Amino acid sequence: MRRQIINAVLCGMALTLFAAGCSKKEETQETTAAEAAEEVITDLGEVTKLGEYLGVEVTKLSTEVTEEELETRIQSILDANPEYLEITDRAAKNGDVVNIDYVGMKDGVAFDGGTAEGYDLELGSGSFIDGFEDGLIGANVGEERSLNLTFPEDYMNADLAGQAVVFDVTVNAIKEKKDAVLDADFVSRVSDYTTVEEFREGTKSDLTEQKETQAEQQLQNDAFQIVLDASEFTLNEDAVEQTYQNQLSYYQSMSEAYGLTMESLAGIYGMTEEEFQEQLRAAAENSIRQELLVSEITAQEGLTVTDEDRASLAEMYGTDVETLQSTYGDEAVDASALLYKVVDLIVDNAVIQEE
């Protein structure tokens, strides 16, 4: 079964394997091979009861596109592609899109990320810090304004958080946003179609393809989860802790790369830092259960990873095998490829009911 996207349930384990693989590669670079081998816990625990994995019953979601779904999709395309009429006879008002050049300065010196030219900004969108957009209401084309503002105390860039700054802004153009209308002109503007009917049929075809992909994804997730739920495990708590720490390190590095704290990163997911860490630990336990399950089924079926399996995995991640291996290591790549091979085995032998 050819897979086009990474499955929602399974990608958590794939990410864990990759994060762990990356971490192990870093440890190997910083320690001797013997020290690294001692630090990597290979005893994850055991499967005490393997659930039935051949012939599981699973329901596949319907891929039928209803008229309501089609109309909703078309409306979303209309909403995403409004018309813009250039305004020259009045000042900017809330809801207009202004094309601007701006320079942000702190203590008279331009700061990183505070300068842009030809930037389109919708007034009232809340895209910029408080006061910026309001400060441009009433401006005319060609007008220059200096905006004395203060960054919020919790701004992600610590150097600017709570700081007073000045933005020098030039208004290049003002555009009024109008709701799009589904007609031949709109169709030609946003697509390669020429008539409304062709656009509707093409949109329905795209929506059907999307639902088919989602249904296949859900089928794979559900089938694997059924087997996982039917199995029982004894986990090595030291392995759980190591997996958790690997994941925590991964997210800490990711947050630092984006100039975020762990607290702010957790906030993006709607959680406190403590709740986020609890989720990571639960994910670590689940990923080990999945890894043990994959290993058990692999042993039962005598499965091995082939070059074709590695190539298929690399295709899912939009890269090549060599890049994947150099980034995460051969072991993590093969473990992820084996995961998807086991999923294929389960799904190919499942009893599938259509919704």
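This is a predicted model: local features need pLDDT of at least 70, side-chain atom pairs count only at pLDDT 80 or more; totals for chains, interfaces and linings use all residues.
**Overall makeup**

The chain contains 11 helices and 9 strands. Of its 355 residues, 37% count as buried. When the contacts with a separation of 6 or more are considered, 73% of them are accounted for by residues 24 or more positions apart.

**The pair α5 and α8**

Two packed helices are described by the angle between their axes and the distance between the axes. For helix α5 (residues 196-230) and helix α8 (residues 273-301), the axes come within 11 Å and cross at roughly 90°. Helices α5 and α8 are therefore roughly perpendicular to each other. On the α5 side the contact is made by Phe224, Val227 and Leu228, while α8 contributes Asn286, Arg289, Gln290, Leu293, Val294 and Ile297. By class, the residues of this contact of α5 with α8 divide into 6 nonpolar, 2 polar and 1 charged.

Two further residues belong to these helices. Arg200, which has its place in helix α5, counts as buried because its relative accessibility is 18%, and the cut-off for buried is under 20%. Leaving out residues up to four places away in sequence, Arg200 touches Glu67, Leu70, Glu71 and Ile74. Glu273, in helix α8, is partly exposed, with a relative accessible area of 31%. With residues up to four places away again not counted, Glu273 touches Met262, Glu263 and Ala266.

**Aromatic pairs and a charge over a ring**

The structure holds 16 aromatic pairs. In one of them, Tyr102 and Phe167 are arranged edge-to-face, with 6.2 Å from centre to centre and 65° between the planes. This pair links distant parts of the chain, given that Tyr102 lies in strand β4 (residues 97-106) and Phe167 in strand β7 (residues 164-178), 65 residues apart. Both Tyr102 and Phe167 are buried. Ring pairs also join Tyr102 and Phe167 with Phe111, Tyr119, Phe128, Phe132, Phe151 and Tyr155 into a cluster.

Phe111, a member of that cluster, is found in strand β5 and counts as buried at 13% relative accessibility. Not counting residues up to four places away in sequence, Phe111 touches Gly104, Met105, Lys106, Phe151, Leu160, Val165 and Phe167.

A ring also takes part in an arrangement with a charged side chain: the charged end of Arg281 sits over the ring of Tyr244, 4.1 Å from its centre.

Ile174 has its place in strand β7 and is buried, with a relative accessible area of 0%. Leaving aside neighbours within four places in sequence, Ile174 is in contact with Leu85, Glu86, Ile87, Arg90, Ala91, Ala92, Asp96, Val97, Val98, Ala139, Asn140 and Val141.

Most residues other than glycine have a negative phi, and most peptide bonds are trans. Asp107, a residue other than glycine, has a positive phi near 55°. Asp107 lies in the loop between β4 and β5 (109-122) and is exposed, with a relative accessible area of 70%.

**Helix α7**

Leu265 lies in helix α7 (residues 262-268) and counts as buried at 5% relative accessibility. When residues up to four places away in sequence are not counted, Leu265 touches Tyr251, Met254, Ser255, Leu260 and Phe276.

**C-alpha separations**

| Residue pair | Separation in sequence | C-alpha to C-alpha distance |
|---|---|---|
| Leu265 and Tyr251 | 14 residues | 8.5 Å |
| Phe111 and Val165 | 54 residues | 9.4 Å |
| Ile174 and Asn140 | 34 residues | 7.8 Å |
| Glu273 and Thr261 | 12 residues | 9.6 Å |

Among these pairs, Leu265 and Tyr251 are also in contact, as are Phe111 and Val165 and likewise Ile174 and Asn140.

Methods. Residues are numbered from 1 along each chain as its sequence is written. Side-chain values use heavy atoms; hydrogens and water are left out. Axes are lines fitted to C-alpha atoms, for helices over the stretch in contact, and angles run from 0 to 180 degrees between N-to-C directions. Helices (H or I, at least four residues) and strands (E, at least two) are DSSP runs, numbered from the N terminus. Angles under 35 degrees count as roughly parallel, over 145 as roughly antiparallel, 65 to 115 as roughly perpendicular and the rest as oblique. Contact means heavy atoms within 4.5 Å. Ala, Val, Leu, Ile, Met, Phe, Trp, Tyr, Cys and Pro count as nonpolar, Asp, Glu, Lys and Arg as charged, and the others, Gly among them, as polar. Rings of Phe, Tyr and Trp (its six-membered ring) pair if their centres lie within 6.5 Å; planes under 30 degrees apart count as stacked, over 60 as edge-to-face and the rest as tilted. Buried means under 20% relative accessible area, exposed over 50%, partly exposed in between (1.4 Å probe, protein chains only). A charge sits over a ring if NZ of Lys or CZ of Arg is within 6 Å of the ring centre and within 35 degrees of the ring normal.
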